[in-house]
Amino acid sequence: MKNQNNYVAIMAGGVGSRFWPMSKTSYPKQFLDILNTGKTLIQSTYDRYTSFIPEENIFVVTSEEYVSIVREQLPMLPAENIVAEPQRKNTAACVAYISFKLQKINPNANMIVAPSDHLIGDLDLFTQTCQKALDYTSSSYSFVTLGIKPTHPNTGYGYIQYDENKSSEGIFQVNRFTEKPDLSTAREFLSEGNYLWNSGIFIWKAEDIIDSFWEHSQYIYDLFKDIEADLNTEKEAEAIRKVYEVCPSTSIDYAIMEKANNVFLIPSDFSWNDLGTWNSAWENFSKDEEMNASNSNSTILVDSKGCLVHSNEQKLMVIGGLEDLIIVNTPEALLICKKENEQQIKEYVAKVRKVKGELYI
């Protein structure tokens, strides 16, 4: 029997600009089948939770402009389970909105907040880990996050330091969060051994995270508390529009997690990749003997090594004598850059916007 107090909120409002030009503002990466699995990332995320969360308790929080895409890709999702944000205000607003909404639906709501665009393997182990976290938060005033053991000093991930001497049944007290460090700091974290990657997956009771907003981010708390009576009614959309006009844009990490003293971590052994960059996609594609990866049978690589070639067209592409490049071809745009420069793709997109406007964004 699935626990009727357990919910999941899938966050699906991002634009995925580091996956440009395949990911565009009008159709971002969570709605794409980047790895040629036969399912988009949000479809895979939804399926991941149906084994242990009641389907009627699965919610998607997304931007207003993506509601129709969510309906198309998840037709089984009740319309009222698609929660539309009128503006992008980062994850604190998203969490506050869905937490107030679920707490009003069910005062005992115990919830997972998860990104829509991550790649997760070992689903049985993932399910067991989530169940362990839900059991813990259901009986204690605590927030649990899932930490991933680092395999290399990645500067694109956040890190969580935990206290190896403070644990209960494999759940550890969190000491601090660190946003994307520089390379030397990331190497230091790996050598210390008690730092894990921040998966961005959080578990808590709706009531408890709301109380924490009151304690640590009272302005955001007051905004949503003032319109609580309108939630889950025909007045909700207009009330939320007014809230989002003045709500600060900040992350849940900064608003709550970095300030709270009741944050815990489960070191997790399931395979995980946030698919945040083209390099992360390259890591998950099958590769030839020269470590080239391509999603297309129409690509021929000659004397080339370590390249990622991604195209959604059938035209023949011949890549010769190149090494460690990202090459992404769409009908509207072509991106070619060094793999080591993947973090600069946002800057490339900003340059395109400045020179060409919104046409290619």
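A residue is called buried here when its relative accessible area is under 20%, exposed when that area is over 50%, and partly exposed in between, with a 1.4 Å probe and protein chains only as cover. Helices (H or I, at least four residues) and strands (E, at least two) are DSSP runs numbered from the N terminus. The model is a predicted one, in which local features need pLDDT of at least 70 and side-chain atom pairs count only at pLDDT 80 or more, while totals for chains, interfaces and linings use all residues. Residues are numbered from 1 along each chain as its sequence is written, and side-chain values use heavy atoms, with hydrogens and water left out.

Two strands are taken to pair if DSSP finds at least two bridges between them. Strands of a sheet pair through backbone hydrogen bonds, either parallel or antiparallel.

Both senses can be followed from strand 16. With strand 14 (residues 308–311), strand 16 (residues 325–329) pairs in the parallel sense over 4 bridges; here Leu308 has Ile326 of strand 16 as its bridge partner, and Val309 stands opposite Ile327. With strand 17, by contrast, strand 16 runs antiparallel, and 5 bridges join the two. Ile326 stands opposite Cys337 in strand 17, and a hairpin through 4 residues joins strand 16 to strand 17.

The aromatic side chains give another view of the fold. Rings of Phe, Tyr and Trp (its six-membered ring) pair if their centres lie within 6.5 Å, and planes under 30 degrees apart count as stacked, over 60 as edge-to-face and the rest as tilted. By this rule the model holds 22 aromatic pairs. One of them is the edge-to-face pair of Tyr97 and Tyr244, with 6.2 Å centre to centre and 65° between the planes. This pair links distant parts of the chain, since Tyr97 lies in helix 3 (residues 90–105) and Tyr244 in helix 8 (residues 236–246), 147 residues apart. Tyr97 counts as buried at 2% relative accessibility, and Tyr244 is buried with a relative accessible area of 0%.

Tyr244 also meets Phe224: the ring centres are 6.3 Å apart and the planes stand at 85°, so this pair too is edge-to-face. Phe224 lies in helix 7 (residues 218–226) and Tyr244 in helix 8, so the pair ties together parts that are 20 residues apart in sequence. Phe224 is itself buried, at a relative accessible area of 0%. Tyr97, Phe100, Tyr221, Phe224 and Tyr244 form one aromatic cluster.

Trp282 shows another kind of ring contact. A charge sits over a ring if NZ of Lys or CZ of Arg is within 6 Å of the ring centre and within 35 degrees of the ring normal. Lys287 lies over the face of Trp282 at 4.9 Å from the ring centre, and Lys339 lies over the face of Trp282 at 3.3 Å from the ring centre.
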